Amino acid sequence: MSASSAKIVVESLSVQYPDGTESLRNISLAIPANQITVLFGPAGGGKSTLLRAFNRLNDLTDNVRMTGRILLDGADVRALDPVTLRRRVGMVFAQPVPLPMSIRQNVWYGLELAGERDTRRKDAALEKSLRQAALWEEVHDRLNASAFTLSGGQQQRLCLARVLALEPEVVLLDEPASGLDPISTAKVEESLQAIKQDYTIVIVPHSVQQGARIADMAAFFLQGELVEYGPGRDIFVTPHNKRTEDYVTGRFG
Amino acid sequence: MSRQLTQRLVFTLIGLATAMTALPIVLVVGYIAVTGLPAISAEFLADMPREGMRAGGIWPAIVGTLYLTLGTGLIAVPLGIAAAIYLAEYAKDNAFTRAIRIAIINLAGIPSVVYGLFGLGLFVLFLQFGTSILAGCLTLSIMTLPVIISTAEEALRAVPQSFRVVSVSLGGTKWQTIRRVVLPQALPGILTGVILGLNRAAGETAPILFTAAAFFLPRLPASVFDATMALPYHLFVISTQVPGMPLKIQFGTALVLLAFVLSMNVFATIIRSRARARRQW
């Protein structure tokens, strides 16, 4: 992989939480543009911390200590305005959190924060992003209903649409399917495959199987350490590292 | 004694205790209503007092209490909500904010007559506002602020943190997040606190005793620098200072004050329960 195709470059990143626990230890990796990169491994490995470092959501937690650098298109994310950064790097969380407003307002929300007032443009983005998230057919006739009337799976796809409406460059997904039924999961995965030519996608999957299904690139994290990183086919089928192999084949989990 | 019997006995006692706490409220309201109701008439509500306040109406006291309550709201509500937003959303947990919190808690515990004396010293004498609606509203505001601040802060904190994280992750600034998500969700709780605070302002006598209240005025106040009659002080005056006062006028006045305060309470309860029914998180 050439350096020019890397969307995000992580250089010697270490993250420490205020209680002294180390969440990430000296991580370096390059995440390619327009591909799906999977971060996987047992719980507590530092995957979510790394995601939240990409859009500086760790800033909301007091006293997280970070050393090393994260470059987005070559620029240090800590030198960027966090509000602008988060528009460029969108995030879908493990638990779907619809805002307490209508389906339409949920998708409009980010656009309105950014100053968009034109209803036609907002509605165009609404339909486009709901289609991308495979939700349009199910909700187009009740866009003004409360987002809480949707099922859990629909709520999660709404959260994806809400992010896509902002047309970010990077979409981060933190176990987006953890609470979803298999059909909703399949729909989310299909959506990701369909949109990846326009976006750089980084996902923490909720299972090794899901990771293997969608990974272009895959990184295996164990207790804050990046054990192995490479093309998904290599990592999930012919891993080089014994620990990766043990985890992928289900010897520990 | 069997366990079942013990249980029945305990529940009976607890039930009785509950009934005993409710009883005084029923008795007070009932007694005041029965004794005061004969006094209530259009003349009583809308006329000036006559014959040394032994006849006529209590219109200037009603108007005065409305002015004092509204004026207190104009001062205390924006200040209180601003302080609550600062404490709940912006303030870091450090010595400074802990000191502010302790100050607010202690402010709530100060006897109201002390507020009255403080208002007399600061607003009436030092700032030379005189015995006036302005001085009374400022004094009542200081007394009301702790109630508004602590209920509003609690309402803001009750809004799930996940809403804030989501809003920020969608490119929201902290202030956009507060204004568009947190405040609307906390509003019913904030309103409840505002009404309860103003309720207290409407019913207190001591804080306006030295700062705003007049024994008797032949006309309505014309500006915020005029003194005013007010229901709680008027009730105090006609109950203790005027000999030969008809009982029904005293209880009629008490009934009007009670109705004023209780209706605000009912209003707050309705807001709260309607918001709770609508809430989806």
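## Helix packing in chain B

A crossing of two helices is left-handed if the near helix is turned anticlockwise from the far one by less than a right angle, and right-handed if clockwise. In this predicted model, α4(B) passes α6(B) in a left-handed crossing. Helices (H or I, at least four residues) and strands (E, at least two) are DSSP runs, numbered from the N terminus. Helix α4 of chain B covers residues 95–109 and helix α6 of chain B covers residues 133–157; their axes come within 8 Å and cross at roughly 130 degrees. This makes α4(B) oblique to α6(B). Angles under 35 degrees count as roughly parallel, over 145 as roughly antiparallel, 65 to 115 as roughly perpendicular and the rest as oblique. The axes are lines fitted to C-alpha atoms, for helices over the stretch in contact, and angles run from 0 to 180 degrees between N-to-C directions.

On the α4(B) side, Ile104(B), Leu107(B) and Ala108(B) meet Leu145(B), Pro146(B), Val147(B), Ile149(B) and Ser150(B) of α6(B). Contact here requires that the C-beta atoms of two residues, placed from the backbone, lie within 7 Å. By class, this contact of α4(B) with α6(B) holds seven nonpolar, one polar and no charged residues. Ala, Val, Leu, Ile, Met, Phe, Trp, Tyr, Cys and Pro count as nonpolar, Asp, Glu, Lys and Arg as charged, and the others, Gly among them, as polar.

## Chain B as a whole

Chain B has 11 helices and two strands. Their order from the N terminus is α-α-β-β-α-α-α-α-α-α-α-α-α. The C-alpha trace of chain B spans about 70 × 65 × 35 Å along its principal axes.

## Contact between the chains

Chain B supplies 15 residues to the contact and chain A supplies 18 residues. On the side of chain B that touches chain A, the elements giving two or more residues are α7 (161–169) and α8 (174–203) of chain B. Of these, α7(B) gives the most, with six residues. By class, this side of chain B has seven nonpolar, eight polar and no charged residues.

## Sheets of chain A

An open sheet of six strands in chain A has the order β6-β7-β8-β3-β9-β10, with mixed pairing. Strands β6 (89–92) and β10 (225–231) of chain A are at the edges, each with a single partner strand, so one side of each is left without a neighbour in the sheet. Neighbouring strands of this sheet are turned by 15 degrees against each other on average, direction ignored. Strand β8 of chain A (residues 200–204) runs parallel to β3(A), and three bridges join them. Val38(A) has Ile203(A) in β8(A) as its bridge partner. Two strands pair if DSSP finds at least two bridges between them.

An open sheet of four strands, also in chain A, has the order β2-β1-β4-β5 with antiparallel pairing. Its edges are β2 (22–32) and β5 (75–76) of chain A, each with a single partner strand, so one side of each is left without a neighbour in the sheet. Seven bridges join the antiparallel strands β1 (residues 6–16) and β4 (residues 65–72) of chain A. Gln16(A) has Arg65(A) in β4(A) as its bridge partner.

## Confidence and conventions

The model scores ipTM 0.89 and pTM 0.84. pLDDT is the predictor's confidence in each residue, from 0 to 100. Chain A averages a pLDDT of 90, with 98% of the residues at 70 or above; chain B averages 90, with 100% of the residues scoring at least 70. In chain A, confidence is lowest in helix α7 (residues 182–195), at a mean of 87, and highest in strand β3 (residues 36–40), at 96. Among the elements of chain B, strand β2 (residues 55–56) has the lowest mean pLDDT (81) and α7(B) the highest (95).

Residues are numbered from 1 along each chain as its sequence is written, while chains are lettered from A and ligands numbered from 1 in the order in which they are written. In this predicted model, local features need pLDDT of at least 70 and side-chain atom pairs count only at pLDDT 80 or more, whereas totals for chains, interfaces and linings use all residues.
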